[in-house]
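Morning, everyone. I have one model to go through today, and I will take it from the overall content down to a few single residues.

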Amino acid sequence: MCIPDPKPIATATRTGPTVSKTSAATVAAPSPPSKDLSPRELKIVKLNDRVAKISEAALQNATEVPIHMVYLYCAISAVLVTAGALQLNPLITFLCLITIWIGYDLHSGVLHVVFDHPDNVNLPLIGQACLEFQWHHSIPDDLVRKDFVDVCGDLNIVIGLLIGIQLCLLDIHNPVSLVLGGCKITMAYFGQFSHKSAHTHSTHQPAIAKTLQKAGIMVSNKDHASHHKEPYDEDFCLIGLCNPIIDGLRIYVTTNNNAWLAFFFALSIFDLMIYSTAVSYIAELI
């Protein structure tokens, strides 16, 4: 039996991902498993079925990405960081940067665990993002084929929600909170750059990406490739520093989806409060 290998089912434009109904139906039509198939053929059937389900959901949920919001969020980030840094000791500003860099990596790992779970595709608010993350496993080069601003645009809704939440929770008169809040927006886009670079061949990577990967500031292509091996259950972080923590929690604590959802939402909402309290305490000692 001849079974076609799955082909890409999406194309990206500056208005976001679009999916052809004809190509989605043609490329990845579900195939009933057969006892006569070889292990390799069964694997291909399984992948085709998965891509078919993802593509069907994508057709129902695909939305345009307003890229102007990316530039607005970047401007907000620059204003917050500048306003806070002008009031702080440079060492405290640097401590804010390091704190957010590590905190982002931890958050990216938790987010990745949650967004990779198939049951979460149907959840409100994060369902579309979960869909795209799982689609990414079947089509790992989708990030490479999109402009970077479009990759950042995928975070528009999440960033907007978090800005609203943090405005309610943080002391906006505390310069530490301003720097941390601005850096968190920047790190979200930096994480997208790290992820996109990890899927870009070295011959096409910008020099800055190669330098940051070699310095361990971004995840390398080789390290991230380990996550894209079935069953996609390790090395979730987009910087890589916190992978042992995430993998350890999954191995020794729990893989329960509800527990990780709770962890994800708690970290997303309260992380800056925790970081701001800790860094502000250190600032008082200096």
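**Overall content**

Of the 286 residues in the protein chain, 47% are buried. Bear in mind that this is a predicted model. The secondary structure amounts to 12 helices and two strands. Reading from the N terminus, the order is β-β-α-α-α-α-α-α-α-α-α-α-α-α. As for contacts between residues at least 6 apart in sequence, 72% of them join residues at least 24 apart.

As general background, nonpolar side chains in soluble globular proteins tend to be buried together.

Back to Phe-115 for a moment. Setting aside neighbours within four places in sequence, Phe-115 is in contact with Ile-126, Ala-129, Cys-130, Phe-133, Gln-134 and Phe-264.

**Helix pairs**

On the α4 side, the contact has Ile-92, Thr-93, Cys-96, Leu-97, Ile-100, Trp-101 and Tyr-104. They meet a set in α8 that includes Val-176, Val-179, Leu-180, Cys-183, Lys-184 and Met-187. By class, the contact of α4 with α8 has 13 nonpolar residues, three polar and one charged.

The second pair is α4 and α11. Here the angle is about 40 degrees, with the axes 9 Å apart. So α4 is oblique to α11. The crossing of α4 past α11 is right-handed. From α4, the contact uses Leu-106, Gly-109, Val-110 and Val-113, and from α11 it uses Ile-245, Ile-246 and Arg-250. The classes in the contact of α4 with α11 are five nonpolar, one polar and one charged.

The α8–α12 crossing is right-handed. In α8, Val-176, Ser-177, Leu-180, Gly-181 and Lys-184 take part. Their partners in α12 are Ser-268, Asp-271, Leu-272, Tyr-275, Ser-276, Val-279 and Ser-280. By class, this contact of α8 with α12 has five nonpolar, five polar and two charged residues.

**Single residues**

Lys-184 has already come up, so let us look at it by itself. Lys-184 sits in helix α8. Is Lys-184 buried or exposed? Its relative accessible area is 16%, so Lys-184 is buried; the cut-off for buried is under 20%. Not counting residues up to four places away in sequence, Lys-184 touches Ile-100, Leu-162, Gln-166, Ser-268, Asp-271 and Leu-272. Lys-184 and Thr-99 are 85 residues apart along the chain, and their C-alpha atoms are separated by 9.9 Å.

Then His-107, which lies in helix α4. His-107 counts as buried, because its relative accessibility is 10%. Leaving out residues up to four places away in sequence, His-107 touches Phe-264, Leu-267 and Ser-268. From His-107 to Leu-238 is 131 residues in sequence, and 9.3 Å in space, C-alpha to C-alpha.

Last, a backbone point. Where is Asp-235 found? Asp-235 is in the loop between α10, residues 221–225, and α11, residues 243–252. Asp-235 has a positive phi of about 55 degrees, although it is not a glycine. With 18% relative accessibility, Asp-235 counts as buried.

That is what I have; questions, please.

Technical notes
Residues numbered from 1 in each chain as written. Predicted model: local features only at pLDDT ≥ 70, side-chain atom pairs only at ≥ 80, totals over all residues. Heavy atoms only, no water. Left-handed = near helix turned anticlockwise from the far one by under 90°. Helix = DSSP H or I, 4+ residues; strand = E, 2+ residues; numbered from the N terminus. Contact = heavy atoms within 4.5 Å. Nonpolar A, V, L, I, M, F, W, Y, C, P; charged D, E, K, R; others polar. Buried < 20%, exposed > 50% of the residue type's maximum accessible area, 1.4 Å probe, protein only. Axes fitted to C-alpha atoms, helices over the stretch in contact; angles between N-to-C directions. Parallel < 35°, antiparallel > 145°, perpendicular 65-115°, else oblique.
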